Amino acid sequence: MSGDRIAVYPGSFDPVTRGHEDLIQRSRAFADRVVVAVAVNAAKQPLFTTEERVALLREAVRGPGIEVQSFQGLLVNFARQVRASMIVRGLRAVSDFEYEFQMALMNRNLDPQIETVFLVPAFDLTYLSSSLVREVARYGGDVSQLVHPTVDKALKAKFGT
Ligand code: PNS
């Protein structure tokens, strides 16, 4: 049936980067709807609150078929709740692989109906991560090419830089 292929793209998004934005747009090639799912408890001490992370995502990734929600608890439960048949994750490097593979197999174990799909990010965004963006921004470095202008502003406000 057309019009109902729903993908969940989960993460901490602390904060959303150009790398995440790229993957969300790429997901639209095979999903009619992409539900970006912000994990409430993913990082113990996130820089941005859940509400801030959701608001920044909504600024950065507006577009048809894209929505942003937060979720608590198991990802597969949330995926079922929004009737998603796929979980999308990005694979940047070999270092991502083991964790991602474990997670995909565990999620399949929890719900065999939901398929995990790995996407390769744009070449020039491959090195990018939220933790590096936070670190550079914390010490006043320029991350304006790596994040949406609203996120850049929010980082400057957070760190007083
Ligand atoms: O961006 P991150 O921090 O790598 O995202 C990790 C995330 C949020 C996708 C993962 O921690 C997760 O799915 N958390 C929800 C709880 C859950 O379902 N855990 C079991 C996964 S096997």
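In this predicted model, the ligand takes up the space of the largest pocket. Two elements each give two or more residues to the shell around the ligand, namely strand S1 (6-11) and helix H4 (94-110). Of these, H4 supplies the largest share of the shell, with four residues.

The ligand is surrounded by 13 residues, and the closest are Ser12, Gly73, Leu75, Arg89 and Met103. Sorted by class, the shell holds eight nonpolar residues, four polar ones and one charged residue.

In the side chain of Ser12, an N or O atom is 2.5 Å from an oxygen atom of the ligand. Leu75 takes part through its backbone instead: a polar backbone atom of this residue is 2.8 Å from a ligand oxygen. For Arg89, it is again the side chain that matters here, with an N or O atom 3.0 Å from an oxygen atom of the ligand. Taken alone, the ligand would expose 550 Å², and the protein buries 73% of that area.

The buried residues in H1 are Gly19, His20, Glu21, Asp22, Leu23, Ile24 and Ser27.

Key. Residues numbered from 1 in each chain as written. Predicted model: local features only at pLDDT ≥ 70, side-chain atom pairs only at ≥ 80, totals over all residues. Heavy atoms only, no water. Near = heavy atom within 4 Å. Polar contact = N/O pair within 3.5 Å; in protein donor to acceptor, adjacent residues only side chain to side chain. Areas by Shrake-Rupley, 256 points an atom, 1.4 Å probe, with all protein chains shown as cover. 1 Å grid on protein atoms, 1.4 Å probe; cavity = no way out; pocket = protein on both sides within 12 Å on 5 of 7 lines; lining within 4 Å. Sits in = over half its atoms within 2 Å of the grid points. Nonpolar A, V, L, I, M, F, W, Y, C, P; charged D, E, K, R; others polar. Buried < 20%, exposed > 50% of the residue type's maximum accessible area, 1.4 Å probe, protein only.
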